[in-house]
Amino acid sequence: MARSGKVTVVGAGFYGSTTALRLAEYDIFEEVVLTDVVDGKAEGIALDMQQSRPVEGFETKVTGRTTGTDGSGYEVIAGSEVVVITAGLPRKPGMSRMDLIEVNAKIVRSVAENIAEHAPEAVVIVVSNPLDEMTALTQLATGFPKSRVIGQAGMLDTARFSFFVAEALDVPVGSVRTLTLGSHGDTMVPVPSACTVDGKPLSDVMGQAKIDELVKRTRNGGAEIVALLKTGSAYYAPSAAAARMVKAVKEDSGAVMPVCAWVDGEHGISGVYLGVEAELGKQGIRRVVETQLTESELASLKEAAEAVRAKQADVKDL
């Protein structure tokens, strides 16, 4: 695929900068823009990335720009096909994703309003926590069609589940297929019935007690890393997940991925952003895919929808 167009990553922390580098190394965009409110940070990181181009052999230009809370600097994102929002504070040990809601809501709302002004045709991928609520807030603040605002959660949670299964069975990660839906948090819904190892149902190769253990570890996957790091949170796996979503949009691939999408009748659930499987293309979500679920998995998904619904309704006032 020839290089074309522009993608922006808002926030030059570890998550944002790693996402920007992955996108640059894909070499499918003419330009990757990285922004941050810390003076000179995005410019410095972008210059460093640019100097890796001769080594890695990619031609995508990387542009860094400092932005202000007054909206200054955001003109650099004009024409972006996709904007990834990573801005916001990361968790500290002992914090839940919901502990971040008020402070990150102010940051994300400001970013979303500037995206609406300067990149009104963009697909927006949200990764700021708490993920489901920040995705809903971004849609409200931009006024974009709900199909053009997506949250990154299920791709990451599914990757964690797959890794844990592969590690436990000592098999290649490529032989494992797993799936997680629901919220990016306590009401995450891993879907063991959709999981396979070398094409065999997970339940044929792993006992239920071990599956339950790995489901729990998947739910706590981010907290486990936060506790180990003590400062900051995960970014290698999250950035890989976000970059793959961007690639699916850019290439209009129709790839089916677990993402946070607006659900309007699918699975018997309506009027909420929720982790489901969806087909991605250049306009964002083409359609939500109604994955075959067991009765208990569907009940858990509906429970997750109700858990996030009230919180998402509240974000309009944040």
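1. A nonpolar core is here a set of buried Ala, Val, Leu, Ile, Met, Phe, Trp, Tyr and Cys residues joined through side-chain atoms within 4.5 Å. In this predicted model, the largest such core has 53 residues, and those with the most contacts inside it are Leu23, Met245, Val246, Val259, Leu274 and Leu280. Helix H10, which spans residues 236-250, supplies the largest share of this core, namely seven residues.

2. Met245 deserves a separate look: leaving out residues up to four places away in sequence, Met245 touches Ile125, Ile150, Gly151, Gln152, Met155, Met257, Val259 and Leu280.

3. The crossing of H6 and H8 is right-handed. On the H6 side the contact is made by Asp157, Arg160, Phe161, Phe164, Val165, Glu167 and Ala168, while H8 contributes Lys210, Leu214, Val215, Arg217 and Thr218.

4. Glu31 belongs to strand S2, which covers residues 31-36, and counts as buried because its relative accessibility is 16%, where buried means under 20%. Setting aside neighbours within four places in sequence, Glu31 is in contact with Gly5, Lys6, Val7, Thr60, Lys61 and Thr63.

Technical notes. Residues numbered from 1 in each chain as written. Predicted model: local features only at pLDDT ≥ 70, side-chain atom pairs only at ≥ 80, totals over all residues. Heavy atoms only, no water. Left-handed = near helix turned anticlockwise from the far one by under 90°. Helix = DSSP H or I, 4+ residues; strand = E, 2+ residues; numbered from the N terminus. Contact = heavy atoms within 4.5 Å. Buried < 20%, exposed > 50% of the residue type's maximum accessible area, 1.4 Å probe, protein only.
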